[in-house]
Amino acid sequence: MAGALTMRIAVIGGGPGGLYAALLLKRLDPDRHITLWERNAPDDTFGFGVVLSDETLGGIESADPEVYAALCREFVRWDDIDIVRRGTVLRSGGHGFAALGRHRLLEILHERCRSLGVTLRFTTEAPPAAELARTHDLVVAADGVHSRTRDAHADIFRPILTTHRCRYIWLAADFALDAFRFEIAETRHGVMQLHAYPYARPSPDHHPTTRPSGPHLPDGASTVIVEMREEVWRAAGLDRCGEQASIDLCGTVFDSLLGGRRLRSNRSAWTAFRTVVNERWCHGNTVLLGDAAHTAHFSIGSGTKLAVEDALALAARLQHTPSVPEALAAYEAQRRPAVESTQRAARASLEWFEELAAHRDQPPRRFAFSLLTRSRRVTHANLCLRDPAFVAAVEAEAGVPPGTPPMFTPFRLRGLTLRNRVVVSPMDMYTAVDGTPGDFHLVHLGSRALGGAALVMTEMVCVSARGRITPGCTGLYAPEHERAWRRITGFVHERAPGTAIGVQLGHSGRKGSTRLMWEGIDEPLPHGNWPLAAASPLPYRPGVNQTPHALDAAEMAEIRAEFVRSAEAAARAGFDLLELHCAHGYLLSGFLSPLANHRTDAYGGSLAGRLAYPLEVFDAVRAAWPADRPMTVRISATDWAQGGTTADDAVVMARAFAEHGADAVDVSTGQVVLHERPAYGRSYQVPFAERIRREAGVPVIAVGAISSWDDVNSLILAGRTDLCALGRPHLYDPQWTLHAAAEQGYTGPGAPWPVQYRAGSRRPPTGRGV
């Protein structure tokens, strides 16, 4: 810390993160007194190989070239990933990995710490962090996933620990693979998977038939992680096996890789991965670092990487911030977004492997592509750069024409063929007058229809005046509404031929009678409120929004009739597709959610009861809607709240709507209760859509933080969704789809430019010509 007095620093934990933090802090200020405590001996280590990214290595090179050079002398580097399933090996290249043995990494860090003057105390339990905090200026708690520091101050750090559904064991093989290997074994007990990669080079003078002996491992070495669902682990008897019996069983299952060679362990034991999240990382002059603060599943190789990057960030903040509390706050503010992003990617990867059995029947190349893109950090565009031949093979298997991005392939819903996979998501504009859409809606929807999307959806169009969310919501319950909508659909069909326009019908339920969004979202009107009705007399916000009255049978019949009348008007108005809004806490969603439906009659209680009224409305609308035109339904696949709708429920709901004639399910989440806790992130709702597509066997529309054409290509080619609905990107750029085509050099039938715009179909130059 520039200009500060000599600091006394205590580091708890001698893993890579603690050691690297200690040496960086000492290197930046040799006058600092730094002591590190590690309960184990210096040559004790768990696990085998460690993978580091080029980004992390760049930070190490900049911060300490000596450590970087020592690591580079040890690294095994490779580019390929092998995916092995049902006897087929598919290889994808161009990925770029670097790994070394964990034991050797610790040796390098030990040597560097000692050379700089860090005091290392092995086989010594550190004093409690609170005690160290009284005698030191800074305490770095790098004491791992089972951190005693975190546990001792749980009231401050507020940890959230999540144990997941797979068991895994960390082993090694005494030969070096030439690629990262994912291998799937379908056993009589269930699916088992292997993650393996090299971490030590073969000796230059070894003979391929030489058996390894002693510590030098002439054939090199590879990490081998075997993982499976808890129920598979128990069915195989591994819960009752000792260490050697577990190793023997794993060796038998994956003998195609091992070829009779044995696996070895290092006090290895089966464990379930635990995700660690802390609401705070800092407490006074104590800071959590690495696994003590956060964990990320090993399938994206991030544990050591995150700890090392924590150390780099912490050292930099302490060097440039005037006080320890300010430095720690700045460190956490800087690192938390990056860590949370990595944890989201790791969670997506972890869940893909948890659900591996559900993916195994995909065509082989789609399976491989889905595996490689599981975390959403590797994408279609990434893979096109890394290994274009691999992507071309995946696309050929999927029937994608050469030179066509997956997003520009057609898709059929009943009698409607969409020319590409892009949908303009329903977005409330709150600009109607007494339910009538006007010039704004013509320009808003018309411009997006000219922008290349296959399907443009209206905002939620209300079936009655009392079913509006706000006074500015559109409707389809009066003749003037139908005439106004016919003007808009006519423009789309005449001026944007090939573009479909869909209407979303809904009723606000308990979330109605509120102000325009920009005047106070979900706030009741200052005057002129209308009475609300819902499944149960539960206000959306107690004490703020009015309490709705519970609908009786006659009122439910009348609202069902309103939906039918609006559907008939929509058909006359020329809409190509109708979507029934059963999401986001509005009336029909309120029947579906146990948090909003407390009825004790036939329309409440079990999921079947809660589905009854939405299905009745769906059936009535489907009967009124032209038979050749598709009908979809939007659902909230989870309430993101304890006791609410779950992903399991969503599959049942989707299957029920499909059996009643839904041509696709538009899969959203949440907005049902205020106390929801969504897991926001890039394409965060897609896993719900993917599961519904897979288990309910119905086409799906995925929504939620899908923002790039690369995301759309990746999701379509991996089979995670059939269509992608984007909202905010189309507010930013009404011609989003056409621009996506231009940026990919695509000029085919999936994205034709209007004749009036063809002169602008190439990206304008951004610099001055010579």
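1. The side chains of Arg 572 and Glu 482 meet in a salt bridge, with N and O 2.9 Å apart; the term denotes a side-chain nitrogen of Lys or Arg within 4 Å of a carboxyl oxygen of Asp or Glu. Arg 572 belongs to helix α20 (residues 553-573) and Glu 482 to helix α18 (residues 479-495), so the contact ties together parts that are 90 residues apart in sequence. Helices (H or I, at least four residues) and strands (E, at least two) are DSSP runs, numbered from the N terminus. Glu 482 is buried, at 11% relative accessible area; buried means under 20%, exposed over 50%, and partly exposed in between (1.4 Å probe, protein chains only).

2. The model is a predicted one: local features need pLDDT of at least 70 and side-chain atom pairs count only at pLDDT 80 or more, whereas totals for chains, interfaces and linings use all residues. Residues are numbered from 1 along each chain as its sequence is written, and side-chain values use heavy atoms, with hydrogens and water left out.

3. The whole structure contains 52 salt bridges. One of them joins Glu 354 to Arg 165, with the closest N and O atoms 3.3 Å apart. This pair links distant parts of the chain, Glu 354 being in helix α12 (residues 324-354) and Arg 165 in strand β10 (residues 159-173), 189 residues apart. Glu 354 counts as buried at 6% relative accessibility, while Arg 165 counts as partly exposed at 38%.

4. A further salt bridge connects Arg 763 with Glu 743, the closest N and O atoms being 2.9 Å apart. Arg 763 lies in the segment after α27 (736-743) and Glu 743 in helix α27, so the pair ties together parts 20 residues apart in sequence. Arg 763 is exposed, at 58% relative accessible area, and Glu 743 is partly exposed, at 42%. Elsewhere, salt bridges that share partners join Arg 165, Arg 229, Glu 231, Glu 354 and Glu 355 into one network.

5. Strand β29 (residues 723-726) is covered on both faces: Leu 723 and Ala 725 on one side, and Cys 724 and Leu 726 on the other, are all buried. In a regular strand the side chains alternate between the two faces of the sheet. Strand β20 (residues 422-424) runs parallel to β29 and is joined to it by three bridges; pairing requires at least two DSSP bridges between the strands. Val 423 has Ala 725 as its bridge partner in β29. Strand β28 (residues 700-702) also runs parallel to β29, through two bridges, and Ile 701 stands opposite Leu 723.

6. Eleven of the 13 residues are buried, so α1 is largely enclosed by the rest of the structure. Among them are Tyr 20, Leu 23 and Lys 26.

7. Arg 376, in the loop between α14 (364-372) and α15 (380-386), has a positive phi near 70°. Asp 434, in the loop between β20 and α17 (439-449), has a positive phi of about 55°. Asp 434 counts as exposed at 58% relative accessibility.
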